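Please read the numbered points with the display at hand.

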Amino acid sequence: MGLLSILIFLPLVFGMFILLMPKALNHYFKYLTVGVSLVQLLIASWLYFNFKTGDGFTGVNQLAQYQWVEKLDWIRLDVGSFGTLQIDYLLGVDGFSIGLVWLSALVMLIASLSSWEIKSNLKGYFALFLLLDTAIIGVFCSLDLFLFYIFYELMLLPLYFLIGMWGGVRREYAAIKFFLYTLFGSIFMLLVIAGLYLSVTDPETGNHTFNLVHAMNPANYSAGSIFSALDNIQILGFSARAIGFIIVFIAFAIKVPVFPFHTWLPDAHVEAPTPISIILAGILLKVGGYGIIRIAYGIFPDIAISLSWWMGLLGVISIIYGAMNALAQTDLKRLIAYSSVSHMGFVLLGIASLTSEGINGAMMQMISHGFLSVMLFFIVGVIYNRVHDRDIYNFRGLANQMPVFTGFVMIAFFASLGLPGFSAFIAEAFSLIGAFSSQSLNGLLPRWMAVVAAIGILLGAGYFLWTLQRMFFGTLRLKKEEWKAQLVDLNFREKLVLFPLAALALVLGIMPSLVFNVMSSSINQFILLFK
Amino acid sequence: MIPLQHFLFVGATLFSLGLFAVITRKNAIQILMGIELMINASILNMAAFGKYDKVDNTGQIFGLFIIVLAAAAVAVALVIIMNLYKRAKSIDPNQTNTLRG
Amino acid sequence: MESIFTPYMLFNFALIAITAPFLAFIFSLIFKRFAAVIGIASIGLSFISSLILFIGVWKKPVLHFSFDWIQLANFKINLGFLLNDLTVIMLLLISFIALLVHIYSVEYMRKDDLKYRYFAYLSLFCFAMLGVVLADNLFLVYIFWELVGFASYLLIGFWFKKEKAVLANKKAFIMNRIGDVGFLIGLMILLTQFHTLDIDVLFGQGNLIASSFVKNDIWATPFGLMPAYWLSIAGFCFFAGAIAKSAQFPLHTWLPDAMEGPTAVSSLIHAATMVAAGVFLLLRIAPLFNQLVLTSMAAIGLFTAFMAASIAVTQTDIKKVLAFSTISQLGFMILAVGVQDNAAAIFHLVTHAFFKCLLFLAAGMVIHQLHHLKEKYQENFDDQSLEVMGGLRKLMPITFIVFVAASIALAGLPFTSGYLSKDAILVSVFEWADERGGIYWVFPLLVSITSWLTTFYIFRVVFKAFFGEFRLPQILGKTAEELKITDPNRWMTIPVIILALFCFALFFAYNPFNLESSWIYGSWNNHPHHTGMYPILVPIYINVLSFALIFMAYQAYAKNTFAFNNQASWYYKLSLNQWYFNSFYDVFLIKILMLKTKAFYWFDQKIIDGFIHLLSNIIIIISKITSWFDHYIIDGLVNGSAWLVSRLGIWLRGMHSGKLQHYFIWMLLIFLSFFIYKLII
């Protein structure tokens, strides 16, 4: 039993434990959950700091260079003339996943700390929460497509109930929309995974395999198989690999979300309770970005290059479109939801550039947006928990009433709009630099894309500062008189959540190499796939 | 010599008369008599066709068999009719419908 | 000459100069009671370090210290200091003026509850500003550049309860962001073309820019090729950054609004240092610009200078006048960069910093004292309006003297620093136009008009505020004795007196009429071209008319012998309403942008989400149809055949009547039908 397995199944075990505990212990569930998340974060941190980098530890398409690999034969089924059905329990991390694993552990801890607001049916809530935790970590660790898919779908189930049962007014609508949207993408992905299984053979055993790493090597594709790069099989007149790439891309683009697959996000974010919004924005969106890199780009590099222009275009549209929509919002949570669309556009743009700067920037943006969006949603939660309202125009001059809170809001807003010194700046600048230099380095993205995307930074300043001015500055004016007593400044728990996040944004902004060093060798290896 | 057709005409007439009696009579005894007529018509035919088998005389032998069987059948039929009368106080077959499915 | 300081020592001093304010920022927030002391001590330390750096570096070889920061596959970004003449003169200027402003602020902010925040923000600003100056690569410059904007945001909105202040700081930050986007794009272009952003490597001795060339519409560098227009775009992008930071047309409207912040802040940030950062940036990367960019620069500088001066003439808010004056003077500097007289630009930057800072501080003293009256009597009047002032010459003599000293420097009268630096620009513009001829003569014409306007508006302020009668008692209906105001205490007067000394030419040149003798100008001006008739004629003809205008302003505003009664004319209204830029932006940019965002949201809700809903509705309708089909057709078939069989059975049952003779009849019929069938076949 390796560390990764412990990391994955620890929450599941405690989730079961919570189910078995009597209802009388309701109040201890949250402490237990926080404890589990904390242990998980400690393990993840240990992994992060012991993660080895360099030429021998690049990962990506080198199975031997992944770290903390666990491999068990899971399902071996003799299916006659088709050979043996081979599904492995295969875990491992490389530079792309380690940062996200750590981020997930952090976000889960923050989410569990913000679960104090949940008042009903605690047992169900925390059991589902821990199940979700297992699924999320599992997605980032699994190297077998079948296992990946299981964890990927496993995330949906608890989320559906967590939104649908503990959410806001239109929670059923939001939950079903979220569920169907995501399922729509992943169902078709299952076909592609099946196709890959039929195409890829394990060079050691000669069986067909779901192994994700083997699927990145063109030599492992059997001749004449559907996704073989050499044979270029056609389906309805289109290249099979192109169709495979597009299907997988759409599946993950829904998660990211990329324009025009983003409309589940504002609804789901707005209706979900605060901890679930935090998880959605902090990790779920990153699963999309991670999937695009690992599966869509990793397995279909040839198609990725030929469709790069379109990927870049979608990224740019998401950036501008998300920002424009955010400007039009009066609901603070919806505004932040749309800002996520805008910020995640940089991820796609950076990936599409296929330059080292761009991908580094994209990964940095995923991690940075991971905890900044967490901070932003937590901030909304602070207001919403106190007065159950989050319309921007119902508040004014909150800085007078809640000075410490306003300080954190300013940090979060300025960090998100890309003020230098915070992580988002490095991330966005590098994504843009990558996108801009792409034409000179590999001729994939035209220069105007980076130029247009840069306007997104300007719009970002627009909606955040406007919100700051409308809600927090000026003389105190609230919609209802009694709110004045309810809007007290932050308590200890809330400070405990916000302070490390703010510090993290600052530390990664000043020392981005903390992240870059871990990723860079994997990213260089990744770029070699496209040569 | 009387030609075969004559026998067959007589037989057919007898059979038709018997059939007519079976279908139209309101008395079970009369129906039984009709049946007897039809049996006799068939015996007549048997005997008439017997001329083509002069070696074994199967026609005549079958005629004899039928006479015996008909006698037995009449005995059984009369008993049935008597039982019917006991139950239904009538021997009109239209009065009973216990055979109905 | 060998320096007495080793490079290592100089590096440490540079480190002290920049880290001291940063530490002050943090400690001011922690030790709130000692914020002012910490602030002054740290900036004092920075000033001393800057002085040492100045001695160690001025007119000596460039020093460059660089350390790894971020390293990726094909490029890396370093952290480091670049110490050359431009750096150290800016360092000295910034730390010196910041020190004086810190001292001044002690008194100015004495009654504010949140003054620890004020000092913390001020230290943050100093840190960022010194960072801009010291940074050795453009990425780092960009970082500090934005931080400067952020500090300015915090300070403009320091009184966050004032609606106007928070509107102003938002506007300032967003307008600066527009420039920053340009800056960032410029960075991307340079990085792509040169694979480095190191200023020394790019623009220093034997630089990369010089090794690149444009041929056949292709801009070739040692690392790559681009179409030639990207060279101009790069120039315009950096220029856009400078336009925003230095409040040039069309991004100038944030600066007058920024006057909502405390006056000491306006003086340090929005007059002396931050706004000059744009000019500084242009000087740092001057070799990049091609003729097209330079000419546009000159045109924009000229237009801004003229426009802002024409607005300043009619403003009644004293700080607004000074703000437009700042914009106008920055226009002069940009113009100087545009006509490639970098020496004049940096010289004017330095002299302007002193006298404009002084003007603001002196105005701040007046405002401060009036504000006290306002609080004391709980009256409601505009303490920044020129209309309530007047006759302050006798009440506040020190303020009066320093204000006049700064005003004559701004007007560029003889014996002042402004005389040297402004005339340097004027002469260059004349010579530049002379070389080109034709339409370019618009430049000297407009620039002369602008400098006369400058003289007029500043003396209008002087005469309105300090001469005549004190108008406030009349307005409030009180006697002059009740409304007694005096010069403020020494915390304020000493810094302004020091600044006043620097308004005079002696500190910058031993011969106050000879530009070439100025040590700042001389050290940059490596091709002394001021030899024709312009250096002699231009100052004379500018100054003669200036004196006439001063006399006219004196008659109009101090003696009230005549009054301008053109309030209804279009040019008066144009000037008073600041050329309608704000209304124009509000209506044509903000409104349209907001409409666009609404349109986008509508699109998102109705089209994209509508499409999703349509899709789900279509699926629901299809499912209804299949459900109908299933119920009536598929199920109907099964049920129908069962029904048929049962009906048949019922019908057949009728044959079994139970009557013996019926059976016989059936038997007969069946036999008959069999025979008939056999007969037919």
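1. Basis of the note. This is a predicted model, in which local features need pLDDT of at least 70, side-chain atom pairs count only at pLDDT 80 or more, and totals for chains, interfaces and linings use all residues. Residues are numbered from 1 along each chain as its sequence is written, chains are lettered from A and ligands numbered from 1 in the order in which they are written, and side-chain values use heavy atoms, with hydrogens and water left out.

2. How the chains meet. Two pairs of chains touch, and the pair A and C has the most contacts (contact means heavy atoms within 4.5 Å). Chains A and B do not touch, and 58 Å separates their nearest C-alpha atoms.

3. An unreviewed UniProt entry lists residues 142-444 of chain A as "domain: NADH:quinone oxidoreductase/Mrp antiporter transmembrane". UniProt positions are given here in the numbering of this model, feature names are shortened, and annotations may be inferred rather than shown by experiment. In the model, residues 142-444 of chain A are 72% helix and 1% strand, with end C-alpha atoms 31 Å apart. Helices (H or I, at least four residues) and strands (E, at least two) are DSSP runs, numbered from the N terminus.

4. Chain B, overall form. Chain B has three helices and zero strands, in the order α-α-α from the N terminus. Its C-alpha trace spans about 50 × 25 × 25 Å along the principal axes. The radius of gyration of chain B is 17 Å, whereas a compact globule of 101 residues would have one near 13 Å; this radius is taken over C-alpha atoms, and the globule rule is 2.2 Å times the number of residues to the power 0.38.

5. Chain B, surface and record. Of the 101 residues in chain B, 25% are buried. Buried means under 20% relative accessible area, exposed over 50%, and partly exposed in between (1.4 Å probe, protein chains only). Chain B exposes about 7,000 Å², of which carbon and sulfur atoms supply 71%; accessible areas come from the Shrake-Rupley method with a 1.4 Å probe, and for residues only the protein chains shown count as cover. The unreviewed UniProt entry lists residues 6-24, 31-49 and 61-85 of chain B under "transmembrane region". Residues 6-24 of chain B are 100% helix, with end C-alpha atoms 27 Å apart. Residues 61-85 of chain B are also 100% helix, and their end C-alpha atoms are 36 Å apart.

6. Chain C, overall form. There are 26 helices and five strands in chain C. Along the principal axes, its C-alpha atoms fill a box of roughly 155 × 70 × 60 Å. Buried residues account for 58% of the 681 in chain C. Among contacts in chain C with a separation of 6 or more, 78% join residues 24 or more positions apart.

7. Strands 1 and 2 of chain C. Strand 1 (residues 63-71) and strand 2 of chain C pair antiparallel over eight bridges; two strands pair if DSSP finds at least two bridges between them. C:L63 stands opposite C:L83 in strand 2. Strand 2 (residues 76-83) of chain C is largely enclosed by the rest of the structure, because six of its eight residues are buried.

8. The sheet of strands 3 to 5. In chain C, three strands form an open antiparallel sheet in the order 3-4-5. Strand 3 (213-215) and strand 5 (225-227) of chain C are the edge strands, each pairing on one side only. Strand 4 (residues 218-220) of chain C is joined to strand 5 by three bridges, and C:I218 has C:P227 as its bridge partner.

9. Two residues of chain C. Is C:S46 buried or exposed? C:S46, in helix 2 of chain C, counts as buried because its relative accessibility is 0%. Beyond its neighbours within four places in sequence, its contacts include C:I16, C:A17, C:S95 and C:L130. C:F31 is in the loop between helix 1 (7-30) and helix 2 (35-57) of chain C, and counts as partly exposed because its relative accessibility is 42%. C:F31 and C:Y116, 85 residues apart in sequence, are 8.4 Å apart from C-alpha to C-alpha.
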